[in-house]
Amino acid sequence: MSGLTLESVDRSGAIAEAFDELTGGTRADFFRKGLIGGGAMLAALETPALAQPRNTKKDVAILRFDLNLEYLQAAMYSEAERLGQVRERTLEWSRVVGANERGHVKAIRGLLGRDAVPSPSFNFRGVTEDDRTFTETAVAFEDLTAALLKTQAVQVDSRRVLAALASLHSVEARHAAWIRHIANIVPAAEAFDQPTSKTKVVRLVESTNFVTSLPRTRGRRKPGFTG
Amino acid sequence: MSEWFTRSRSGDARDAVDGGLDRLLTLTRGQLVTRAAVGAGAVTAVGVVAGGLPRLAASEPSREQDRSILEWLLRVEYVQAAFYDAVERGGALQGEPREYAARVGRHERAHVEALRSELGPDAPERPEFDFGDATSDPDRFVETAVALEELAVAALNGQIPNLTRPRVMTAMRIVSVEARHVGWVRDLAGRNPAPQPADRAATQDETRAALQATGFKE
């Protein structure tokens, strides 16, 4: 089974940088770990950094939508953590998952480069202070985000973007299982998770009325949640 | 080395680094037993893998490459299915671990069937495994389940970008469930279910090395 030759296509180093931000590491850190861990990673890092390949229009639209979704989750969980009104296990979840979602924001902004959009404004309308409502909302967002990323994984043009989305996708599924476990809902109900459409996610976001204003956009940029 | 095995349940950046699966932990089974005895619930059984950066196959996705990848992923699923089968046969677990094993075992068997049906009549057959006391000792069971589920997530994430799009969907629908298993069993084990914002992607070689390091006999 060693027939596949593996090599990095992360020519621009963009993924490496995004992961540096995610793991709190540095390129140098990866080098150090590479020395510990083996040649494969070193090979990936030694690939010369070239100009970042431009994302296709489709990939930009997908990544912008995801960025807005991550902004929302990061803001909601961070607020729950700051207010400290939910139960202890939920609070712990907010703290860890909030940090992860902030990491996702950075990673997706990194992938988008100059095409990144700023965050909308949010009002969570008390949801971050009520354990039951917060937990239910978090389950909905985590399940749906994982489902949406499946749909997007087959839509994106770039395999580099696909690889990055896959590495975030499984973390969203961990979040979903964890919050379900806290809420006494089966963490992994079925053998296969279903994909979902962007429309369903837009509907969920709209139903919450969490988004109070979209940032002013420049040029052709469209706010992600207007579908 | 002990910091490799002791994971605080926190989400700060330091934990994200320490909690990474990016170190090539190649523990033998003997070491696992020792660590399990010493660490009492703060143990990682098998660290999967260096890496961390998604690496793509040099060749573009193709049906031939799909086949080779699916055969590989089937092997990973075989190990998991066999593990939970042995656990259920042994009947040593109680309470939530037992419930977890029964449900997750069903999922892994369904994954095996899905991959076998994609591969058709020439799909590789399931080997026999010997998991030692990992299926009968409750602490070792949980730690081994964490390790095998982490390994499956990393293995699938590593191969997803190398598949053709219809197979990407198959793999995404499976990896999502494996990641739910990880989240569930890590919470059961009292360990941070999502210690990092991004999951690792393992190559076949890395996955194979991690599997060999378990010492589970094929």
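Helices (H or I, at least four residues) are DSSP runs, numbered from the N terminus. This is a predicted model, in which local features need pLDDT of at least 70, side-chain atom pairs count only at pLDDT 80 or more, and totals for chains, interfaces and linings use all residues. Residues are numbered from 1 along each chain as its sequence is written, and chains are lettered from A in the order in which they are written.

**Confidence**
- Over residues 1-51 of chain A, pLDDT stays under 50.
- Where pLDDT is low, the predicted coordinates should not be read in detail.

**Leu67(A)**
- Helix 4 of chain A, residues 57-83, contains Leu67(A).
- Leu67(A) is buried (20 or more other C-beta atoms, placed from the backbone, within 10 Å of its own) because it has 23 C-beta neighbours inside 10 Å.
- Pro118(A) is 51 residues from Leu67(A) in sequence, while their C-alpha atoms are 9.0 Å apart.

**Helices 6 and 8 of chain A**
- The axes (lines fitted to C-alpha atoms over the stretch in contact, with angles from 0 to 180 degrees between N-to-C directions) of helix 6 (residues 131-155) and helix 8 (residues 198-208) come within 10 Å and cross at roughly 160 degrees.
- Helix 6 is therefore roughly antiparallel to helix 8, a term for angles over 145 degrees.
- Thr137(A), Ala140(A), Leu144(A) and Leu148(A) in helix 6 meet Lys198(A), Lys200(A), Val201(A), Leu204(A) and Thr208(A) in helix 8, contact being C-beta atoms, placed from the backbone, within 7 Å.

Note on methods: Helix = DSSP H or I, 4+ residues; strand = E, 2+ residues; numbered from the N terminus. Buried ≥ 20, exposed ≤ 12 C-beta atoms within 10 Å, placed from the backbone. pLDDT = per-residue confidence, 0-100. Contact = placed C-beta atoms within 7 Å. Parallel < 35°, antiparallel > 145°, perpendicular 65-115°, else oblique.
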